[in-house]
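Visitor: I have a model open and would like to learn how to read its features one at a time. Could you walk me through it?

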Amino acid sequence: MASTFKSFGYGEIQTPTFETLELFTAKSGDSIIDEIYAFSDKGNRELALRPELTAPVIRFYVEKMQMEPKPLKLFYFGNCFRYDRPQKGRYREFWQAGCEIVGTNTPEAYAELVAMAYTILKNVGLKNIQLNIGNLNIINSTFTKLGLSKDGQKKLLPLIDKSQFDDVFSLLSDLGITNDSTKEFIDILQTSDINKIKKFIQEDASAMDELSNLEKILDLLKSSFNVKDFQIKMSIVRGLDYYKGLVFEIDAPVLGAEKQLCGGGAYELVTLFGGRETPTAGFAVGFDRTILALEIEKFAFPSLKTDVYIIPVSEEMIGKSIEIAQNLRKEGILTDLDLLRRGIGKSLKYANSKNAEKVIIIGPKELENDSVTLRDMKAGDQEVVKIADIVSKLKNN
Ligand code: HAM
């Protein structure tokens, strides 16, 4: 994941595990306190374990990085804490690999962001993922057209988020919206036909601009980034309060209920934290869920590997064994050494369990001739080699 971020020009940032509570309530209000680990420290400061890294990264940007050349591309890998009810794929401590881009809102920047999220999950080896792309400004325009109050929107959003369209229908009926408008609205939430959406919002010039930008992003994704299997999904509303405009999610359907692997989009936090206005966007991949999805897809995880395991046959051989191990390590050879003074049989068994490709047995007779015994664990054969030749022998194999 890190190398994919780097291949797109991102540099790594680390922020503290805990922050002031206010950093997270500033946008979401006190209601978020129920969902996070909030506590006061010995100095009675109100703190929180970070539930995510976007607010911390933007705080850091406002404090220290506003003068950096734009766009600023930052990626992170960090643990997050949420006071969730734990279940498969939903934990109280979990890991996110994510990124933020500061200082651009061009369609090519957004297309690159979405393409990078998709590429990260493809590069780790996932076969079956689903990319869905929406836009909150367009959804807000549909709310205005329906004449929905802020209160009505607040009740509606969680239902849309969970794709509970029957409940959306009942709620809108209760709110006095006509059946025809409601049906058309639910159709917009589920359609992938951009023309249908266009027709619904055509009187709203700014929403129409947003839609034309979305079309540019989708075009670049398809024709230039070669990311073709995505869906337009206007029902993406995202759980966090800071998003504006483009939003997207990537699911792994094999995960069932907790299938969302990645979420992100454009958002506004910089001015809220006292910085000069500048566009921001980003996403985060749930690392634990990615591993779960790979396991279900029967991904062959690379096993621990040891190039060489060294066995001193007696106490007197330990010093020389360590010396040889250190030389091999300097050459970049992954080298381990018996630390339990076990017999050769048991040591060979242990070397096997650590997938050692070769074993070097160091005994007094060979050592007299500046030599050791080199054993190939796969073939099971062994030869006596000069100490000076070990590195070239190992590297040419
Ligand atoms: P989020 O959708 O809340 O977005 O979280 C991103 C990902 O973290 C989810 O898609 C999911 O895979 C994983 N995740 C969330 N909660 C849990 C949990 N309790 N257990 C396991 N995995 C979980 C954000 O956090 C935004 N900060 C993303 C972003 C960055 N937006 C802009 N920039």
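Visitor: How many aromatic pairs does a search of the whole structure find?

Guide: Rings of Phe, Tyr and Trp (its six-membered ring) pair if their centres lie within 6.5 Å; planes under 30 degrees apart count as stacked, over 60 as edge-to-face and the rest as tilted. Searching the whole structure gives 13 aromatic pairs. Take F248 and F283: their ring centres are 6.1 Å apart and their planes stand at 65°, so this pair is edge-to-face. F248 belongs to strand β9 (residues 243-251) and F283 to strand β11 (residues 280-286), so the pair ties together parts that are 35 residues apart in sequence. Helices (H or I, at least four residues) and strands (E, at least two) are DSSP runs, numbered from the N terminus.

Visitor: Before we go on, what kind of model is this, and what are its ground rules?

Guide: It is a predicted model, where local features need pLDDT of at least 70 and side-chain atom pairs count only at pLDDT 80 or more, while totals for chains, interfaces and linings use all residues. Residues are numbered from 1 along each chain as its sequence is written, and side-chain values use heavy atoms, with hydrogens and water left out.

Visitor: Is F248 buried or exposed?

Guide: Buried means under 20% relative accessible area, exposed over 50%, and partly exposed in between (1.4 Å probe, protein chains only). F248 is buried, with a relative accessible area of 0%, and F283 is buried too, at 2%. Both rings belong to one aromatic cluster, formed by F5, Y10, F75, F248 and F283.

Visitor: Which charged residues sit over rings?

Guide: The test is that NZ of Lys or CZ of Arg is within 6 Å of the ring centre and within 35 degrees of the ring normal. Here the charged end of R92 sits over the ring of Y83, 4.5 Å from its centre. K145 lies over the face of F200, with 4.4 Å to the ring centre.

Visitor: Now the ligand. How many residues surround it, and which are the closest?

Guide: A residue counts as near if one of its heavy atoms lies within 4 Å. By that rule 27 residues surround the ligand, and the closest are E52, T54, E100, Y243 and Q260. For polar contacts, look for a pair of N or O atoms within 3.5 Å; within protein, one must be able to donate a hydrogen and the other to accept it, and residues adjacent in sequence count only if both atoms are side-chain atoms. A polar side-chain atom of R82 lies 3.0 Å from a ligand oxygen. A ligand nitrogen is 2.9 Å from an N or O atom in the side chain of D84, and a ligand nitrogen is 3.0 Å from an N or O atom in the side chain of Y242.

Visitor: How much of the ligand does the protein bury?

Guide: Accessible areas come from the Shrake-Rupley method with a 1.4 Å probe; for residues, only the protein chains shown count as cover. Taken alone, the ligand exposes 660 Å², and the protein buries 96% of that. The elements giving two or more residues to the shell are β6 (93-102), β10 (260-267) and β11. The largest share, six residues, comes from β10.

Visitor: What lies around G147 in space?

Guide: One example is I177, which is 30 residues from G147 in sequence and 8.3 Å away, C-alpha to C-alpha. I177 is found in the loop between α7 (165-174) and α8 (179-190), and counts as buried at 11% relative accessibility. Contact means heavy atoms within 4.5 Å; leaving out residues up to four places away in sequence, I177 touches L146, L148, L172 and T182.
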